[in-house]
Amino acid sequence: MVKSNFSHIHGIPGWGSGLVVTVDLLEDKLTFRKTAVKDSPVVSLSYDQITETGCYTEKEIIEKSKSVVGRAVVGSLFGPLGAIIGGLSGTGTNKRVKTDLFYTISYVSSSGEPAMITLRCGVFGCHMSYFNSELKKKLPEKQDVKNFSL
């Protein structure tokens, strides 16, 4: 079984931002559980619900959000993550260099609505590139898993 640890940013109802979660790739679904909580409830996401995955650095998100229009676009693309980072970036040149990596999983919810889970890599046991390549093997052909290298 492939597993990776991430910091939850947004997308799992009732789970706060910054919570360390373990994501397991099972035969037919992803499962999410709170790493530091014994007997944590498990949240499942079927592979056939997933529509796209992506990996972005905070720097890439900031670069895309240097203007007022850019911040609005980033906010709509990345949800709360983009809105938070976009709002903080301001206008003009941004001198900060960030290496935080964010992993997004877009999916169709059980109610039929588009949704996204945003995770941050950077916690112990995060192997994003390997995790993404193994996830890609499990998804039906229609899903758009973007390849990336670190």
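## Overall picture

Of the 150 residues in the protein, buried residues make up 42%, where buried means under 20% relative accessible area with a 1.4 Å probe, counting protein chains only. This is a predicted model, in which local features need pLDDT of at least 70 and side-chain atom pairs count only at pLDDT 80 or more, while totals for chains, interfaces and linings use all residues. Residues are numbered from 1 along each chain as its sequence is written, and side-chain values use heavy atoms, with hydrogens and water left out.

The protein has three helices and eight strands, which are DSSP runs numbered from the N terminus (helices: H or I, at least four residues; strands: E, at least two). Along the sequence these elements follow the pattern β-β-β-β-β-α-α-β-β-α-β.

## The nonpolar core

A nonpolar core is a set of buried Ala, Val, Leu, Ile, Met, Phe, Trp, Tyr and Cys residues joined through side-chain atoms within 4.5 Å. The largest one here has 24 residues, of which Leu30, Phe32, Leu119, Phe131 and Leu135 touch the most other members. At least two residues of this core come from each of E1, E2 (19-25), E3 (29-34), E5 (50-57), E6, E7 (114-121) and H3, and strand E6 gives the most, with four residues.

Leucine 135 touches Leu25, Leu30, Tyr47, Ile50, Thr53 and Tyr103, if residues up to four places away in sequence are not counted; a contact means heavy atoms within 4.5 Å. Among contacts in the protein between residues at least 6 apart in sequence, 53% join residues at least 24 apart.

## Aromatic pairs

The structure holds three aromatic pairs. Rings of Phe, Tyr and Trp (its six-membered ring) pair if their centres lie within 6.5 Å, and planes under 30 degrees apart count as stacked, over 60 as edge-to-face and the rest as tilted. Phenylalanine 6 and phenylalanine 131 form an edge-to-face pair, with 5.5 Å from centre to centre and 75° between the planes. Because phenylalanine 6 lies in strand E1 (residues 2-10) and phenylalanine 131 in helix H3 (residues 128-138), this pair ties together parts that are 125 residues apart in sequence. Phenylalanine 6 counts as buried at 0% relative accessibility, and phenylalanine 131 is buried with a relative accessible area of 1%.

Tyrosine 103 and phenylalanine 131 also form an edge-to-face pair, at 5.8 Å centre to centre and 80° between the planes. Tyrosine 103 lies in strand E6 (residues 101-108) and phenylalanine 131 in helix H3, so the pair ties together parts that are 28 residues apart in sequence. Phe6, Tyr103 and Phe131 form one aromatic cluster.

Notes: Buried means under 20% relative accessible area, exposed over 50%, partly exposed in between (1.4 Å probe, protein chains only).
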